Amino acid sequence: MPHAEVTAQSHVDQGLRAQLLACWTDVANAGGAVGFVAPVTAADVEPLLAAVVDRVHEGRALIALLRVDGEVAGFAVLSLSLSPLRRHWATVLRVQVHPSRQRQGLGRVLMSGVHDIARARGMEFLHLTVRGGTGLEAFYQGFGYQEFGRMPGAIRVAPGDDRDELHLTCRL
Ligand SMILES: CC(C)(COP(=O)(O)OP(=O)(O)OC[C@H]1O[C@@H](n2cnc3c(N)ncnc32)[C@H](O)[C@@H]1OP(=O)(O)O)[C@@H](O)C(=O)NCCC(=O)NCCS
């Protein structure tokens with residue numbers, strides 16, 4: 001039985017950065033809704049990863065890192081607010097499991113780890129968005145997320161194919 005664990009990373013070294021980049025690129029190229037439309041190269045993904053790493057190193061985000069038997073298998077970003085009025089909630093971004101490991105229960109492990117990390121930091125709510133038309137809201141509804149609104153046509157996946165952005169929240 002493989003050993004899966006989720007840890008909070010507040011520092012990203014060069015080795016981890018390369019693994020996150022490879023994972024994110026593979027997930028996007030497999031059709032994942034993680035900020036891109038396939039095909040992408042690592043060079044396309046790198047600027048977004050750099051922005052995430054900057055936020056992590058500024059204390060404004062954490063990486064929830066999923067490892068299976070020590071190997072990076074996925075991750076999510078927990079984006080924190082600096083406002084003292086908003087410290088009880090965070091936004092979850094870029095939830096992903098490597099395509100070679102999807103549909104094996106690891107997304108469930110990852111989200112459970114995200115929730116544990118958020119609870120340990122005193123958070124009470126999480127927020128995330130889903131690209132309309134993907135059906136991914138069903139994945140999150142399984143963890144207690146509910147839709148509370150949508151931004152019409154917010155995501156242009158192709159000319160003439162604008163998708164709503166669904167906003168979901170969960171009370172921890
Ligand atoms: C979404 C994702 C993280 C789920 O991870 P996973 O390891 O495949 O999911 P699991 O095997 O843990 O599945 C957990 C449950 O969610 C359901 N589920 C998984 N993927 C789903 C999907 N794409 N749509 C709807 N339900 C889904 C499963 O059926 C399972 O339900 P069950 O326990 O009742 O059978 C993964 O498919 C992924 O990385 N996708 C590409 C990136 C992406 O689009 N991320 C979402 C950003 S909003």
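Me: How many residues of the shell around the ligand are nonpolar, how many are polar and how many are charged?
Reply: This is a predicted model, in which local features need pLDDT of at least 70 and side-chain atom pairs count only at pLDDT 80 or more, while totals for chains, interfaces and linings use all residues. Residues are numbered from 1 along each chain as its sequence is written. Ala, Val, Leu, Ile, Met, Phe, Trp, Tyr, Cys and Pro count as nonpolar, Asp, Glu, Lys and Arg as charged, and the others, Gly among them, as polar. On that basis the shell divides into ten nonpolar, eight polar and two charged residues.

Me: Which residues come nearest to the ligand, and which elements give two or more residues to the shell?
Reply: A residue is near a molecule or strand if its C-beta atom, placed from the backbone, lies within 6 Å of it. Of the 20 residues around the ligand, the nearest are Gly 32, Ala 33, Gln 102, Gly 107 and Arg 108. Helices (H or I, at least four residues) and strands (E, at least two) are DSSP runs numbered from the N terminus. The elements that give two or more residues to the shell are strand E4 (89–97), helix H3 (106–120) and helix H4 (137–141).

Me: What distance separates the end C-alpha atoms of helix H1?
Reply: The expected span of a helix is 1.5 Å times one less than its number of residues. Helix H1 has 16 residues (14–29), so it should span 22 Å. The model agrees with this, since the end C-alpha atoms are apart by 22 Å.

Me: Which residues of H1 are buried, and what covers them?
Reply: A residue is buried if 20 or more other C-beta atoms lie within 10 Å of its own, exposed if 12 or fewer, and partly exposed in between, with C-beta atoms placed from the backbone. The buried residues of H1 are Leu 20, Cys 23, Trp 24, Thr 25, Val 27 and Ala 28. Their cover includes helix H2 (42–57), strand E3 (71–79) and E4.

Me: Is Ala 42 buried, exposed or partly exposed?
Reply: Ala 42 lies in helix H2. Two residues are in contact if their C-beta atoms, placed from the backbone, lie within 7 Å, and Ala 42, leaving aside neighbours within four places in sequence, is in contact with Leu 21 and Thr 25. Because Ala 42 has 13 C-beta neighbours inside 10 Å, it counts as partly exposed.

Me: Which residues does Val 114 contact, leaving aside neighbours within four places in sequence?
Reply: Val 114 is among the residues that touch the most other members of the largest core. Beyond four places in sequence, the contacts of Val 114 are Ala 64, Ala 76, Leu 78 and Val 92.

Me: Is Arg 94 buried or exposed?
Reply: Arg 94 lies in strand E4. Not counting residues up to four places away in sequence, Arg 94 touches Val 34, Gly 35, Ala 76 and Val 77. Because 23 other C-beta atoms lie within 10 Å, Arg 94 is buried.

Me: What is the phi of Arg 103?
Reply: Most residues other than glycine have a negative phi, and most peptide bonds are trans. Arg 103 lies in the loop between E4 and H3, and is exposed, with 8 other C-beta atoms within 10 Å. Its phi is a positive value in a residue other than glycine, near 65°.

Me: Which residues does a cis peptide bond join?
Reply: Pro 39 is found in the loop between H1 and H2. The cis bond has an omega of about 0° and joins Ala 38 and Pro 39.

Me: Is Arg 131 buried or exposed?
Reply: Arg 131 lies in strand E5 (residues 125–131). Not counting residues up to four places away in sequence, Arg 131 touches Ala 33, Ile 155, Arg 163 and Glu 165. Because 20 other C-beta atoms lie within 10 Å, Arg 131 is buried.

Conventions
A nonpolar core is a set of buried Ala, Val, Leu, Ile, Met, Phe, Trp, Tyr and Cys residues joined through C-beta atoms within 7 Å.
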